[in-house]
Amino acid sequence: MPGSPTIWDDLTLILPLIVLWITSFVLLLGDVVVWKKNRDLNPILAIVGTLIALGIAVYQTISLTGDKAFARSLNMDALAQVSMIALLVTGLLAILLAWTYLKNRGLERGEYYPLMLLSVSGAALMGAANDLIVLFIGLEILSFALYVMAGFSRSDIRSEEASIKYFLLGAFASAFLLYGIALVYGATQTTQLSELASRVHSAQTPMLVAGIGLLIVGLGFKAAVIPFHQWTPDVYEGAPTSVTAYMAGAAKIAAFVAMLRVFDSLAPVSSVWLGAIQALAVLTMVFGNLLAIAQTNVKRMLAYSSIAHAGYLMVAIATLAHRLDGPRGAQAGELAMTGSLFYLFAYTFMTLGAFGVLIYLSNRGKDYQQIEDLRGLVRHDPRTAYAMLFFMLSLGGIPPTMGFMGKWQIFYAALSGGEIMLAIVMALTSVMAAFYYLKIVYVMCFEEPREAAPAPAQFSFGASLSVLLSAAATILFGIMPGLLYTLTGLVR
Amino acid sequence: MHELPSANLVGLITGLPLLGFLFHAFFGKLIITRMGNAVGKRVVGGLATALVFASFGVSLIIFSGLLSMEGEHKRAFASLIPFLSKPVAWIDIAGFKANFGALVDPLSILMCLIVTGIGGLIHLYATGYMAADKDYARFFTYMNLFIFFMLVLVLADNILLMFVGWEGVGLCSYLLISFWYEDTENSKAGNKAFIVNRVGDVGYALGIMAIFAFFGTLTFYTADGKGFLDAAIAGKAANGADFTAEIALVIGLLLFVGACGKSAQFPLHVWLPDAMAGPTPVSALIHAATMVTAGVVMLTRMSPIIVKSETVLLVVAVVGLFTAIFAATIALTQNDIKKVLAYSTVSQLGYMFLGCGAGAFGAGMFHVTTHAFFKALLFLGAGSVIHALHHEQDMRRMGGLSKKIKVTYLTMLAGWVAICGIPPFAGFWSKDEILGYAAGIHSFGMLIYAVGLITAALTAFYMSRLMWKTFWSDQRFDEAALGAHGHGGDSHDALHDHGNDAHSVHDAQPHSSGVKESPPSMLVPLVILAALSVVGGFIGTPFNNFFEHFLEPSIARSEAHHGVSFLTGAALGTIAAAIGIALAYTLYAKRRATGELLTEAQKAGNLLYQAPANLWYVDRFFYDLFVIRGGNIAVALWRVVDQNIIDGLVNAVAGITGLFSELFRRLQTGYIRAYALSMLTGVVLVVIALLWSAMRTMGK
Amino acid sequence: MPADQSSDFSYLAVVVFTFVGIAFIAFNLLLARLLSPSAPTPEKLTTYECGVQPIGDAWRQFNPRYYLFALLFVVFDVEAVFLYPWAVAFRQVGAFAVAEMLIFVGLLIAGLIFAWRREALQWE
C-alpha cells in the first residue's frame, strides 16, 4: 500500500534508540575483544553514541516527524521525543561523571556504559509507550540495568546490599504493575493507551479501579512516592555515586513521563484516581521534606529530596485529572504536561550537578558523603562550593534558578486547574525544603573546615565538564526559561 | 509628551550594577593579586562605586524624563535590558505571561534614586572602611549584586519579577551578614536572617498565588489597563467578578506577612538586630536604608488593593505602632552602638508601617526617604566611631569623642537632630506627617497618636543617650592602649557582641594607636548625608508638598486625612522630642563620669530594665520553640515515622498474618521484609481507597 | 458491559478446566492413599534429594556460579522456544524474518562472547 508506514518508517522513528543499542553492543564486545586495556575509550565512545542519538532526537523533534509506530504500540509524539532528549542529556552528564568516578574507584569495567545506554533506551521506551506492555518492557529494561549498576562496586558490601534491595523490591513493584495491566486489560480489552482513553469511561468496573490502583503503585515505586519510597534512601546511599546520580535523573524522568501518559489516557475516569493521587502527593511532599531535614549524609538527604520532588510532580499528575473539565481545565492539563517536563529537565540538571560535585570532590582520594565532609568547602575550593550553592538554591526552588521556574510552572498549572490545596501544600513544603538545602550551604560557606585543607582536587575532565554543564543549564534556563520552553512547550 | 524620553536607558539602571557584579566575580580577585594590594583595591572599589553612581546618573535622567511627562498617570513601561525600549517576555507559557520589564513611575524611580544615590555613597564609604579586608573583591561583588537585585525589586513590572528581586536581596543580605564567617556568631546571624525571612516569604508567595487566583495576572499595570492593579482600581476581579473587600483582606494580609519578614516587623523583627554582625556599610545600606524598606515599598505598590480593606489597614497600623514602641524600649537598654541603631531602625520601620496603615502611603514613603538619609548617616557615623576606637562597639567604653573626631561628631549631630524630630530637620517633617495621618485613623486615631508621640519621646531619649555615651560624657577608655592589642574581639567577649568589625579596618594602620579620624573616603559620604539629613525634609513640607504630589500617580487614593492640624502636630511632636532630650540631658549630665544611669545591681533587680534588655524574651522564645524543639521534632519524626511507625505497622501486620511473618522471618535481610510489607500495606490502602471512592461516585 | 459478555464463554472453559484439573489430581492422590499399603521407616520419611543425605540447613550461601549457568541455560532455552515457530513458518515470513532472527541470535551470541571473554564460564 503506498503511503502506509513501512517497517523502515517505524525504524526511522526509533533511530536514536537503535544508535544507543548499536553503541552498547560495540562497547560490550569491543571492551572484551578489541581494546582490552584502553579504559578511556569506553566513555568516549559512549559519549559519541549518545551525542549522535541526541542529534537525531533533536532533529526529529524540531522537524516534528513524530507518529505512532510499530502497530500503534509506540507513540513517538513530542512527549516521547522531548523526554528522550531529557534522558539522553541525563545519560550524557552521567557518562561524564562516571568517567571520573569509575577511574577513581578502579571500577572501570567495560559493561558499565553499555548498561547505562541500554537503560536509557528502556527509559525512552517507557516515555514513548502507547501500549502498557511496551511500557512494562521499557520499565524492565531500565530497571534491570539499574539493579546491576547499583551493585557495580562488587567489593563494597553496601553497594551489594543496595543492589539486592532494589532488585527484590523492584521485582515486587513490577509484579503489581503487571497485575494492574492485566486487570485494566480485563476491564477494557485493550492495553493500548490511546484506545484506553476512549473505552475507560464505559468500563468502570471494580476490576478497572483495582487495575488503576496497581498501576499507581507500580509507577509510584519507580518514582519514589511515599509509601513506596523506602528503597530510595538505602539504594541512593549504597550505590556508587555515579549510579545514584544517573538513577535519580533517569528513573524519575521515565517514571513521570510514563505516569503522564497513563493518567492522560485515564483522564475520563479521573474521579476514580484523583483522590489517591492527591493523597499520595501530599504525603510525599510533607514527609519527603520532613525526613530530609534529619539527614546527615548528603546522598541520603538527596534521596529524601528526590522523594520530595516526586511529590511536586505528583501535583502535576493530579492537575492532569482536570484535563477534560472545560477550556480552563484543558489549559491546566497542558500546563501540567509542559511544566512537568520542564521540571524534570530542571531536576536532572540540579541533581546530577549536586552528585557531580560530590564525585568531583572525591577526586581527593576521600569519599565525600557526609554533610560534615563539606565543612568550609568555600575556603579551599570556592568554585566548586559556589556550584554546589547554585544547585542547592535551585533544588530549594529559590529564584532566579531553574528549580524555581520549574516549580512555578507546576504551581501555575495546579492553580489553573483548581488544585488550590495541593498548590498551598507545595508552597509550604518548599519553604520547609529550604532548611535542609540551606544546611549544606551553611556548612559549606560559613563553617571552618575541621582539618587542614586537603590536597586540591585533581582536575578531572569528566566530572568538571558535567558539573559545569549542569550549572550553566541551571542558571541559563533559570533566567531565560523561554529557551527550554520552546522544547517543552511542544508537548501539548 | 506622553512617552517617556530615553526609555531605552532604563535597562542601564539595573545593567550597570550587574556588570559590576559580573566583572568583580570573575576578575576582582585577579586584579587585586595582579596589580598589588593598594592599586588593585583602588581599581576594584572605585569601579564598583563608579558603576553605582553611573546608575544613579541614569536614574536622574529617567527622573527628569518622568517629570516632563504629561498626563495623569506618569507611567511608562520599559525593558530591564539596556537599550531596548520595549519589555521582552520573560515567561510566556500558555496564557501566562510575565515580562522582563520595568514599570517606571514615581514610586519606582524614587526608590532607584535612593538605592543608587545612597548606595553609591555607602560604596564610597566602604572603599575606605574595608580597605584592609582580605576579601575586598568578594565584598564589592556582593554589594553590586545587592544593588542589582534591589533595583529589580523596585523596578519590576510584575509581582513575580519583584519576588525574584525580593529573594535576591535576601540572598545578598544573607551573604553579607555572614561576610566574616570565621566568626560562628556571624554565620548564625546570617542563617537566622535567612530563615526568618523565609517565614515572611511564605506569606508573600501565598499572596502572589492569591493575586493570580483572583485576578488571573501578575502584572501590576499594563498600557491597555489589564494589570491586576488596574483591575483593583476599577473594582473588578477576574472573570467579571467584583473586587471585594474580602479579596483585599486575603491578599493584603498575606502580602503583609511578607512585608513583615523583610521589614522586620513584630514578631519577625528578630533577625534585624543580629544582622548587625555584618560589616557596617552593609548595616547602613541593606539593614537601614534600602532592603528593609522593601516591605513598605511593596505595600505602597499594592496600595490599590490594601486600601480596599479597612481591616488590613488597621492591622498594618497596629502592628507598625506596636513595633515602633516595642523596639524603642529595647533600644533604651542596648550598649552596643550598632544594636541601638538596629532597634531604632526596627522602630522607625514601625512608623512607616503606621503611615501605610493610616492610608497615607505617601507619608510612609516620605519617611522611607528621610530615614534613608539619617539612618544611613548614623550607621556610617557609628562605623567611623568604631573605626576610630579600633573596633570598639560597646558604648560603655566610649565617651568624650566630640573633641577627638570632630567631623564624625558634627555629622552624627545632624543625624541626631534629624531622627529626634526637631524642626526643621528631615525626620521632623516625615514623622510629623505620619503622626498627623495616624491621628486621623477612624475611632482609634487619638490613642494611636498618643502612643506615637510617646515613641517619639523614647526615640529622642535613646538617641540622646547614644550621643551622651559616645561623645559627651567623660572618656572611659585608655587611649594609649587602643590599637596596641590584637583583634578587637578579645576584650569584650563577655558582652555577647556579635559584630566585631574587627577584621576589616583593623589592619589598615596597624602601627598607629590612639583615636584617629577616618579617611576622606569615609568622611565625604558622611558630610553629604548630613547635609541631606538637615535639608532633606524640605521636599515634603505641608506648605509645598512636592514629594507626595510627585508620588500621587503611584498610590491609590484613600480616605486618609490629618487628625490634627499641622501647627498642633508640629508643636506636640517638638514637645515630645524636647522632653526626651531634656530628660536624657538632666539624667546623663549628672553622671558624666560613668555614663550609666543605673548600677549593675539596680539593673539586675529591675524587671522594667531586664525585660527590654532581654529583648522582651521574643528571641529566646523563638529559639526554644523552633531551633531546639524544631530540630528535635525533625529527628524524632524521622526516627518515629520511618523507623518505628512504618516498621511497627509492618510488624503489626506481620503479627496478624502469621503466614507472612513466618515466611519473611526466614529471610534474614530484615529490612527488605519491612519495606516490602510497607509497600504491600500501601498497595492495599491505595486499592481500597480507589474502590471506595469509585463506589461513592458510581452510587451517585 | 459488552466487553465482558463476549468473553463469558471462554472464561467458563477456563474455570471448568481448573476444577477438572484439581479434581483429577485430588482423585488420584486419594486413590493412591486408599489403595497403597502404609509401612513407614525413618529412611522413607527423609526429604528426597538426589538420594544423598541432606547436610545442614538449606539456608546457607551457595556459589553464585550455579546461577550463572542456570541463567545462560535459560537464555538459550528461550532462544530455542523462539527459533522453533520461526523455523516452522520460515517459508511464509520471508527474508525480513531471517534478518530479525539473525539479529536476535546475534545478540545472544554477543552476550555469550562477553561472558566467555570475562571468564565467567570457567569454574574457579
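Just after α8(B), Ala264(B) takes a positive phi of about 55°. Helices here are DSSP runs of H or I with at least four residues, strands are runs of E with at least two, and both are numbered from the N terminus. The model is predicted: local features need pLDDT of at least 70, side-chain atom pairs count only at pLDDT 80 or more, and totals for chains, interfaces and linings use all residues. Residues are numbered from 1 along each chain as its sequence is written, while chains are lettered from A and ligands numbered from 1 in the order in which they are written.

Now step back into helix α8 of chain B. It holds 18 residues, 245–262. The expected span is 1.5 Å times one less than the number of residues. Buried residues of α8(B) include Ile247(B), Leu254(B), Phe256(B) and Lys262(B). Buried means that 20 or more other C-beta atoms, placed from the backbone, lie within 10 Å of the residue's own.

Next, where chain B meets chain A. Here 47 residues of chain B are in contact with 54 of chain A. Contact means C-beta atoms, placed from the backbone, within 7 Å. On the chain B side, α27(B) gives the most, with 16 residues. By class, this side has 32 nonpolar, nine polar and six charged residues. Nonpolar covers Ala, Val, Leu, Ile, Met, Phe, Trp, Tyr, Cys and Pro; charged covers Asp, Glu, Lys and Arg; the others, Gly among them, are polar.

How values were computed
Buried ≥ 20, exposed ≤ 12 C-beta atoms within 10 Å, placed from the backbone. Contact = placed C-beta atoms within 7 Å.
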